[in-house]
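Hello,

Here is the structure you asked to take over. Please open it first, then read my notes below.

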Amino acid sequence: MQAESTKSWRVVGASVRGVAHVQGGQVCQDACAFAQQPGTVLIATVADGAGSAELSEIGAALAVETVVAVMGAVQELPSASDADGWQDLLTEAVRQAQWRIESEAEIRQLEPNALASTLLLAVATPEATAVMQIGDGAIVAGDSAGRVLSLTAPHNGEYANTTVFLTTPNALETAQFALHPAVTYLALFSDGLQRLALDMATGVPFAPFFLPLFRFIASETAAQEPLTAFLSSPKVQERSDDDLTLILAARLP
């Protein structure tokens with residue numbers, strides 16, 4: 001995922017294998033994607049394939065590809081105050097991702113759970129930021145005054161250390177949705193970064209973790225390579241053995 005900059009947003013995204021996957025010779029099961037529509041609307045999405053699912057990396061890739069395509073084809077977005085309209089729109093994008101995964105599973109003669117993945121989706125306009133999430137990971141926003149806030153929080157499943165996936169029955173009923181005013185910075189990340197990025201008891205983001213990242217993405221030198229290096233660094237890898245994915249976005253003046 002390469003860095004992309006236009007007059008409205010600068011965006012960088014990267015996924016790296018976690019320690020356990022490197023040691024086990026496994027592929028990265030995370031995926032991320034982003035796009036900008038006519039320079040003013042940002043679409044960003046992250047998916048984390050289930051570690052126990054044999055083809056979860058395919059499910060994650062299909063999920064992010066689908067929601068970006070669906071949202072990118074929308075001709076007219078709801079107004080900044082139309083929460084119901086935004087929720088319906090993002091729900092439809094997530095539903096399309098579910099259908100895509102189910103279709104791929106059928107082609108491969110597998111159960112959909114073989115392609116299980118979480119999904120985080122953010123759509124930011126000059127007036128509003130709409131987010132939806134199924135599963136763990138989180139979406140965090142920041143402003144020019146240095147304030148950092150959670151737009152979503154990790155969602156755990158019925159048992160400890162479990163979560164909800166797109167292929168979980170009634171997954172959409174668990175979806176988190178929020179509509180916020182326009183933000184200056186966005187961060188979407190998979191659960192491999194949760195212990196570094198969040199107070200896990202409260203879901204509150206750690207400002208000292210995010211503020212340097214927001215300064216990085218605000219810089220004209222922001223690129224994929226240093227973000228990948230950060231995710232691959234010992235100080236990050238030693239805190240998590242899971243795959244790590246992070247999308248950073250900054251609204252430009």
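Which residue in E9 is the bridge partner of Ala130? Leu179 takes that place.

First, the basis. This is a predicted model, in which local features need pLDDT of at least 70, side-chain atom pairs count only at pLDDT 80 or more, and totals for chains, interfaces and linings use all residues. Residues are numbered from 1 along each chain as its sequence is written, and side-chain values use heavy atoms, with hydrogens and water left out.

**Strand E6**

Helices (H or I, at least four residues) and strands (E, at least two) are DSSP runs, numbered from the N terminus. Strands pair if DSSP finds at least two bridges between them. E6 covers residues 128-134. E5 and E6 run antiparallel, joined by 6 bridges. Across from Ala130 in E6 stands Val123. E5 and E6 form a hairpin, with 3 residues between them. E6 also runs antiparallel to E9, again with 6 bridges.

Buried means under 20% relative accessible area, exposed over 50%, and partly exposed in between (1.4 Å probe, protein chains only). In E6, 7 of 7 residues are buried. In a regular strand the side chains alternate between the two faces of the sheet. Both faces of E6 are covered. One side has Ala128, Ala130, Met132 and Ile134. The other has Thr129, Val131 and Gln133.

Cys28 is in none; its nearest cysteine sulfur, that of Cys32, is 8.7 Å away. Cys32 is buried, at a relative accessible area of 12%.

**Loops**

Most residues other than glycine have a negative phi. Gln109 has a positive phi, near 60°. Gln109 sits in the loop between helix H3 (83-107) and strand E5 (119-124). Its relative accessible area is 73%, so Gln109 is exposed.

Asn170 also has a positive phi near 60°. Its loop runs between strand E8 (148-150) and strand E9 (176-181). Asn170 is exposed, at 52% relative accessibility.

Ala222 lies in the loop between helix H5 (207-218) and helix H6 (224-232). Ala222 is buried, with a relative accessible area of 10%. Arg10 is 212 residues from Ala222 in sequence, but their C-alpha atoms are 8.2 Å apart in space.

Over to you.

How values were computed: A disulfide is a pair of cysteine sulfur atoms within 2.5 Å.
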